[in-house]
Amino acid sequence: MAGDLQYHWLPFTGNREFKSEPRLFVRAQGMYFWGANGEKILDGCSGLFTCAAGHGRTEIADAVAQQLNQLDYTPSFLRSHPASFELAQRIADLTPADLNRIFFVNSGSESVDTAMKICSIYHRARREGQRYMFVSRERAYHGVNIGGTSLSGMVRNRESFGPSLPGVVHMRHTWLPEHRFTKGQPDTGAELAEDLQRLADLHGGQNIAACFVEPLAGSTGVLIPPKGYLQRLREICDDNGILLVLDEVICGFGRTGRPFGAQSFGVVPDIMTMAKAITNGAQPMGAVAVRQGIYDTITEAAPQGAVELFHGYTFSAHPAACAAGLAALEIYEKEALFDRAAALSPYFLDSVFALSDLPVITDIRGYGMIAGFDLAAGVKPGMRGHAVQKRLFDAGLHIKTTGDAGILAPPLIAERSHIDDMCQTLRVVLSEC
Ligand SMILES: Cc1ncc(COP(=O)(O)O)c(C=O)c1O
């Protein structure tokens, strides 16, 4: 088996270990994956926050097949196809306020780097091209392209790659020791938003292009924004002419019980990035939603007939991805999955928080249909989390771990019985480690 595996270099994976004890999925349906040896594995993380409507959705597969048979590819520059406009409109219907201009990309990382460029060109169009700085947060994850790596605040993702883009500075993250075992939004910590004002005072608010934050920080282990925190960031951005960008790559499409985290937390950003569940994970796709005024400013600054944004990808708005996106959004609407997430959230969070008695768990956080827990560190940081992730797989549960944090985000089609099974497996495995 190992000989067959040698050619694929897996991302974010210990390749030598993986290839010596591979854990492959060969099939998926509904709430479950099946492993290469026939093991049935409950999906506790919607794949990678992608499969909100569960696996094996034939509506999506059929739509993609039909699209590929009809029009397999369209050049994305100077050409397009009807489904791209339809999907853009469907997404714009879900976004808050007038974030109704949609730029398509192929991943969350591309959405972040695209958003950074849009911020820069917007300020140039307003003759404020001196705004070269970006603010983000410690423990943030904004993908792996060079802009997103610079914005990110998870040390292992940055440290090996030398200096980041010049002009990127970080606020503190939003977790405080007093938040331990807080369900939902913590009451304290809104003042951490003042870090943005401090950075504006230090570097000159007129030099900052944008502030990037995840509505809740997902990949680092789920850090929920304190009450009032995002609102305060919004005010500081307004006071200083800074654009507020919400990275909705995990939160988007129902994870927080509303279409986007922006709506759940009651803040209107200037730009939103999204990916993952946009196609229910069935095709790679991402998007950037932009307020209409930003789009108008950028397009009107260019002469008639000229290209307004020198940016795009060969596979932007790929026909198969658009077909998958349309079919996924249709399922989300028909099955009212965002409302379902909101309705299931209290049961999900209560069940996860019931694990608080396990001595190895040092903290639990959660909101909507996403929760994170911390494990007491083992011999070296990250070792226990990694071991637990493997033991959970062997016990029939797939979750994501980041260092010694575990992240739970089951598909929004989950029944209470799936939540029960997930928490029971966690209890058994975590009691033994
Ligand atoms: C908030 C956020 N932004 C960006 C990304 C990067 O997305 P991708 O892996 O699709 O490039 C992720 C991935 O988890 C994410 O959580």
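1. Two strands are said to pair if DSSP finds at least two bridges between them. In this predicted model, strand β1 meets that condition with strand β2 (residues 32-35), to which four bridges join it. The two strands run antiparallel. One example of these pairings is Phe25, whose bridge partner in β2 is Gly35.

2. The pair belongs to an open sheet of four strands, in the order β1-β2-β3-β13, with mixed pairing. At the edges stand β1 (25-29) and β13 (397-398); each has a single partner strand, so one side of each is left without a neighbour in the sheet. In general, the strands of a sheet pair through backbone hydrogen bonds, in either a parallel or an antiparallel sense.

3. Another open sheet of four strands has the order β11-β12-β15-β14, and here the pairing is antiparallel. Its edges are formed by β11 (361-367) and β14 (400-402), and because each has a single partner strand, one side of each lacks a neighbour in the sheet. From one strand to the next, the twist averages 20°.

4. The order of this sheet can be followed pair by pair. Six bridges join β11 to β12, with the strands running antiparallel, and Gly366 stands opposite Ala371 in β12. The hairpin of β11 and β12 has two residues between the strands, and in it Gly368 takes a positive phi near 60°. Next, β12 pairs with β15 in the antiparallel sense over four bridges; Phe373 has Gly406 of β15 as its bridge partner. Finally, three bridges join β14 to β15 (residues 405-408), again antiparallel, and the partner of Lys400 in β15 is Ile407.

5. Helix α15 (residues 383-394) lies across β12 (370-375), β14 and β15. Relative to β14, the helix runs at about 170°.

6. Which residues come nearest to the ligand? Of the 14 residues around the ligand, these are Ser107, Gly108, Ser109, Gly143 and Val249. Helix α6 (residues 108-125) gives the most to this shell, with three residues. Sorted by class, the shell has five nonpolar, seven polar and two charged residues.

7. The last point concerns Ile298, which has its place in helix α12 (residues 292-301). Is Ile298 buried or exposed? A residue counts as buried if 20 or more other C-beta atoms lie within 10 Å of its own. Ile298 has 20 other C-beta atoms within 10 Å, and it is therefore buried. Leaving aside neighbours within four places in sequence, Ile298 is in contact with Ile121, Tyr122, Ala125, Glu308 and Leu309. Thr188, by comparison, is 110 residues from Ile298 in sequence and 39 Å from it in space, C-alpha to C-alpha.

Note on methods
Residues numbered from 1 in each chain as written. Predicted model: local features only at pLDDT ≥ 70, side-chain atom pairs only at ≥ 80, totals over all residues. Axes fitted to C-alpha atoms, helices over the stretch in contact; angles between N-to-C directions. Contact = placed C-beta atoms within 7 Å. Near = placed C-beta within 6 Å. Nonpolar A, V, L, I, M, F, W, Y, C, P; charged D, E, K, R; others polar. Buried ≥ 20, exposed ≤ 12 C-beta atoms within 10 Å, placed from the backbone.
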